[in-house]
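Here is a short tour to read alongside your structure viewer. Please keep the model open and follow the residue numbers as you go.

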Amino acid sequence: MPPFLSHSGLAALIGLPPQLMLVITLGFLFYIFRRDFRERPDVTSAIWLPTIWLLIIASRPVTQWLSILGLPFLGATSIEEGSPVDAFCFFALMALGIYVLNRRQVRFSSILRDNGWLVLFFTYCFIAVFWSDFPATSFKRWLKIFGHPIMLLVLFSEPHPRVALVTLMKRCSYVLFPVSVLWMKYYPEIGRKCDEWGIMTNTGITQGKNELGAVCVVIGLFLFWYFLQVWQQPKNLERRKELILAGFLLLVIGYCLRKAHSSTSTISFLLGVLVMLGLAMRFVNKRIIGLYAVTGILILAVAQVCFDWYGSIVELSGHESTIEGRGHLWAFLWANDTSPIFGTGFESYWLGDRLQNVWAEFRWNPTHAHNGYLEAYINLGAVVLCFLLALLVATFCKCRQDLLNDFQWGRFTMGSFIAILAHNWTEAGFKGLSVIFFSLFLVMLRYRRLQNAEEITAPSEIISGVEEQESELIYSSNNNW
């Protein structure tokens, strides 16, 4: 019998059999997916590639899913080698994605030209493979990151990209959050665990509370934006159904975010929401959004120095011990950094003797720096910080251009971008198969195509299957760097 079908003591205490709740959850998934298929959103079957990709990186590796189902498959042989089954699944999805892009005659030369800083960043990361102590492992991890842009290009090359994006996010939310609630409440043996600080936490369908919080931020911000778009549609039955669905999913996400007890994710989500709402204010001049950003950064910096506003928020949230532990980790990493210019190699710091030295110092066995910027520094050195800063500035400029060309899409990209920057302050999101990294690619990647010898972008339908009379641009052809 699979482990998740075993009787739960918590469920017995509540008085509801976990098997019954499992059946109810599966029934809900059957109903909601049946509804989704009956609506027939204007997407191709290739949309399942990015859907499966996001579901895996937002939940658990394939080998863990097989283990939960009671199927004995080979897991990770070591931290350096990883799992061959997981590697095969990821590379199979990437190969299928490349096949789809090739069939659609996607012009990779145009993609490289429109994403110059991203290409330079990837190139430097590849060069950093050669001075890694584990070049084979580093190279495999570098290859996996290409899965993010490949899946997003499959999405962007759909007949109607924005409909495809809505479909992707909705289908993922149908699975991730109801299952998380089920596991946290009725199957705590797989939905809860002791974190690195020795505290029992809710993980849901993910591998940790911080990962659950990150998924809530990424999909929650998109569904909030989607709710705002549907709200502006003419009143009809379809609008009412979509509002109810989006509102219900947001409530479930809010519940999961509260149960995760991740102050970083909560602050990042609220910050993204405030940015989306603030940009709609009439007195906000979108053309000087850069000035607003610089002013906001300066105000926050001065407030932090004078009043320690972040520490006050952390204290109110009850996370003093975790932030203090991260502070000690940051100090240790700074003091023991032996490669300040070029780093230890692409995603190589947390391997071998260095990992063992960190674990000997910290009993909670960290596997990343709990800071995206510091994580990039210890792996790739000060050089990559320059590339990363340039990439983030270029991404901000693209979000600003989105605001000017397509305000509704621009408010989503800008809100998500600010949330990503905030989230990386105490979590390492600029790495590997992180859902935060996937979201960053969604915001910064640009794709355009030729149709009838003219450069165009796809129309911006908001509700699946309903075309607007006046098409809006998802990505403007003026977004060259």
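The notes below go from the overall fold to the cores, the salt bridges and one surface patch.

This is a predicted model, in which local features need pLDDT of at least 70, side-chain atom pairs count only at pLDDT 80 or more, and totals for chains, interfaces and linings use all residues. Residues are numbered from 1 along each chain as its sequence is written, and side-chain values use heavy atoms, with hydrogens and water left out.

**Overall fold**

- The protein chain has 21 helices and four strands; these are DSSP runs numbered from the N terminus, with helices (H or I) of at least four residues and strands (E) of at least two.
- Of the 481 residues in the protein chain, 53% are buried (buried means under 20% relative accessible area, exposed over 50%, and partly exposed in between, with a 1.4 Å probe and protein chains only).
- Among contacts with a separation of 6 or more, 76% are between residues 24 or more positions apart (contact means heavy atoms within 4.5 Å).

**Nonpolar cores**

- The largest nonpolar core has 119 residues, and Leu176, Phe177, Ile219 and Phe222 have the most contacts inside it (a nonpolar core is a set of buried Ala, Val, Leu, Ile, Met, Phe, Trp, Tyr and Cys residues joined through side-chain atoms within 4.5 Å).
- Not counting residues up to four places away in sequence, Ile219 touches Met169, Cys172, Ser173, Leu176, Phe177 and Ile253.
- A second, separate core of 14 residues includes Phe332, Trp350, Leu355 and Ile378.

**Salt bridges**

- The whole structure holds eight salt bridges (a salt bridge is a side-chain nitrogen of Lys or Arg within 4 Å of a carboxyl oxygen of Asp or Glu).
- Glu39 and Arg35 form one of them, with the closest N and O atoms 3.1 Å apart; the two sit four residues apart in helix H2 (residues 18-39), so about one helical turn separates them.
- Within that pair, Glu39 is partly exposed at 22% relative accessible area, while Arg35 is buried at 15%.
- Glu158 pairs with Arg104 in a salt bridge whose closest N and O atoms are 2.6 Å apart.
- Because Glu158 lies in the loop between helix H9 (147-156) and helix H10 (161-186), and Arg104 in the loop between helix H5 (84-103) and helix H6 (108-114), this pair ties together parts that are 54 residues apart in sequence.
- Glu158 is buried, with a relative accessible area of 0%, whereas Arg104 is partly exposed at 26%.
- Arg162 and Asp406 also meet in a salt bridge (2.8 Å, N to O), and both residues are buried.
- Salt bridges that share partners join Arg35, Glu39, Lys170 and Glu242 into one network.

**A surface patch**

- Ile127, Trp131, Ile341 and Phe342 make a nonpolar surface patch of about 370 Å² (patches are made of residues with over 30% relative accessible area and no salt bridge, with like charges joined within 9 Å and nonpolar side chains, namely Val, Leu, Ile, Met, Phe, Trp and Tyr, within 5 Å).
- Ile341 is found in the loop between helix H17 (320-335) and helix H18 (352-361), and Ile341 is partly exposed, with a relative accessible area of 46%.

How values were computed: Accessible areas come from the Shrake-Rupley method with a 1.4 Å probe; for residues, only the protein chains shown count as cover.
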